[in-house]
Amino acid sequence: MSTERVAVCPGSFDPVTRGHEDIIRRSFRMADRVIVAVAYSATQVKQGMFTVDERVEMIRETFADDPRVEAMSFTGLLVDFAREQGASLIVRGLRAVSDFEYEFQMALMNRKLWDGMETVFMAPDLEHLYLSSSLVRQIASLGGDVTPFVPPAVLARLQAKFSKPAS
Ligand code: PNS
């Protein structure tokens, strides 16, 4: 039996932020390998800012320096995906009390769905407490500077998407 500790860090990652990056790198305090799992639904009407493939690609580029991080997309139940991948630990970042209810509900439900599934919540670096993908999308689309909030791979894509043509 393998003793490797595999964690899954699930989310929408539209796009991955410095806050996510911080939590993923902290996960190695508990895991030997981390699968960053981008959730998508085949019936999803709303596309989001980036396609699922682009989100996975940006995560891969962000963690290109660390072979212990793998980025994948998945559809269906997280517990099924985690079990298939040999991961029994879910890692989620918890920023504020407002996150708690939703996160607690998911953690309990995931364990109900598969008894082998545990969730751990990690506090992000103080610098990232206010950060979210939705704020990044909004600021970038309104022409604001998101340089401090996203990894370079994301910044490049946001700039390509929103750069103003030279007049
Ligand atoms: O970044 P998000 O949008 O807060 O992530 C939510 C996510 C992807 C972790 C959650 O929606 C999820 O796990 N989706 C997969 C479907 C599933 O397993 N649903 C039951 C959860 S109890």
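**View 1. Glu118 and its partner Arg111.** Glu118 is partly exposed in this predicted model, with a relative accessibility of 38%. Its partner in a salt bridge is Arg111, and the closest N and O atoms of the pair are 3.2 Å apart. Arg111 also counts as partly exposed, at 35% relative accessibility. Side chains of opposite charge can pair when their charged atoms come close.

View 2. Asp65 and Arg25 meet through their side chains in a salt bridge of 3.5 Å, N to O. Asp65 sits in the loop between α2 and β3, while Arg25 belongs to helix α1; the two are 40 residues apart, and the pair links distant parts of the chain. Asp65 is exposed at 56% relative accessibility, whereas Arg25 is partly exposed at 32%. Salt bridges with shared partners join Arg18, Glu21, Arg25 and Asp65 into one network.

**View 3. Arg137 and Asp14.** A salt bridge joins Arg137 to Asp14, with 3.8 Å between the closest N and O atoms. Arg137 is in helix α5 and Asp14 is in the loop between β1 and α1, so the pair ties together parts that are 123 residues apart in sequence. Arg137 is partly exposed, at 26% relative accessible area, but Asp14 is buried, at 5%. The whole structure contains 16 salt bridges.

**View 4. The buried face of helix α5.** Helix α5 spans residues 133–141, and its buried residues are Ser133, Val136 and Ala140. Seen down the helix axis, the buried residues of α5 fall within an arc of 60°, so they line one face. Their cover includes α1 and α6. Just after α5, Gly143 has a positive phi of about 90°.

Conventions: Residues are numbered from 1 along each chain as its sequence is written. This is a predicted model: local features need pLDDT of at least 70, side-chain atom pairs count only at pLDDT 80 or more; totals for chains, interfaces and linings use all residues. Side-chain values use heavy atoms; hydrogens and water are left out. Buried means under 20% relative accessible area, exposed over 50%, partly exposed in between (1.4 Å probe, protein chains only). Helices (H or I, at least four residues) and strands (E, at least two) are DSSP runs, numbered from the N terminus. The arc is that of the directions from the helix axis to the C-beta atoms. Contact means heavy atoms within 4.5 Å. A salt bridge is a side-chain nitrogen of Lys or Arg within 4 Å of a carboxyl oxygen of Asp or Glu.
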